[in-house]
Amino acid sequence: MKIYCESLMRKVEFPDKIERVVSLVSGFTETIFEMGHGEKVVGVSEYCSRYVKDLRAEVVGDYLKVDLSKLKSLKPDLVLLTTGVQMQLALELSREGLPVYVLPLPKSINGVWENVLLIGGLLNDVKSARELVLRWQRVFLNGQKTLSERPSAYVELWFGKHVRTIGGLSFVNDLIEYAGLRNVFGDINKGFFVPPLKEVHKRRPELIIFFYEPDFPIDPRRIVELRGWDWDFKLIESTVEAGRNLIHDGPSMMRTIQWLREQIWG
């Protein structure tokens, strides 16, 4: 069968029944397992084991590079990647003749759910995909508050040594707002951008949330102290751990939002 991939702007040929999947995006890998098709996953990135317990699929690379010979040896029916920084890798693998499908980097929680449905379509199981999305939506809609009732929050994401915050065009913005917060930069028409620290000081958010990776640990309290942020606020730390990772778009996001609600209101 041939399926049109918008990101590649062409039709890609796949077997009528996809049985061997290589997923290089941890959120997609977790989604496939949550849908009950984990036995089809034969290759993954080194980060996927954070979100799937006892994952036994072959590690073929990370988010930006792969061992091409190992990948080809798995004879995948489908190789899943996303847009953004993975797009170059997707094009390279496509030129190698691999059955690549590129799902869009989500700009909102609706984009996350759309990708779940697209994965369901590729695996010929839209029913399980819709059931997963409905369960996910119920978790997110539980305990909604009006915008005026939500405490303000500033989110700081450390991608290695690169610091970013979030605007309104990011699923992370939706995650914290569904948790019951109001992003102080939610009115900015961007996904991720360098934080204007003087503006953060001016807006004095009631909560400050830091995300960082284990390979590049930071001390949020020391950072806040050095910046002179001396108003009364609550500090929350997020990591790559499943159920505490703000930037992970797999089903464990349901646990993340529950954890975040506990941090806010507990």
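Trainee: Is valine 100 buried or exposed?
Mentor: This is a predicted model, where local features need pLDDT of at least 70, side-chain atom pairs count only at pLDDT 80 or more, and totals for chains, interfaces and linings use all residues. Residues are numbered from 1 along each chain as its sequence is written, and side-chain values use heavy atoms, with hydrogens and water left out. Buried means under 20% relative accessible area, exposed over 50%, partly exposed in between (1.4 Å probe, protein chains only). Valine 100 has a relative accessible area of 0%, so the residue is buried.

Trainee: In which strand is valine 100 placed?
Mentor: Strands (E, at least two residues) and helices (H or I, at least four) are DSSP runs, numbered from the N terminus. By that count, valine 100 belongs to strand E7.

Trainee: Which residues does valine 100 touch, not counting residues up to four places away in sequence?
Mentor: Contact means heavy atoms within 4.5 Å. With those sequence neighbours set aside, the partners of valine 100 are Leu8, Val12, Phe14, Val79, Leu81, Ala90, Leu93 and Ser94.

Trainee: How many residues has the largest nonpolar core?
Mentor: A nonpolar core is a set of buried Ala, Val, Leu, Ile, Met, Phe, Trp, Tyr and Cys residues joined through side-chain atoms within 4.5 Å. Leu80, Leu93, Val100, Trp136 and Leu260 have the most contacts inside the largest one. Its size is 72 residues.

Trainee: How many residues are in the second, separate core?
Mentor: Its members include Trp158, Val184, Tyr212 and Trp229. The count is 17 residues.

Trainee: Why is helix H1 largely enclosed by the rest of the structure?
Mentor: H1 spans residues 26–34. Its cover includes strands E3, E4, E6 and E7, and helices H4 and H5. The buried residues are Ser26, Gly27, Phe28, Thr29, Glu30, Thr31 and Ile32. H1 is largely enclosed because the buried share is seven of the nine residues.

Trainee: Which glycine follows H1?
Mentor: Its phi is positive, near 95 degrees. The residue is glycine 36.

Trainee: What is the radius of gyration of the protein?
Mentor: The radius is taken over C-alpha atoms, and the globule rule is 2.2 Å times the number of residues to the power 0.38. For 266 residues, a compact globule would come near 18 Å. The protein agrees with that, at 19 Å.

Trainee: What percentage of the 266 residues is buried?
Mentor: The secondary structure comes to nine helices and 13 strands. Across the 266 residues of the protein, the buried part is 54%.
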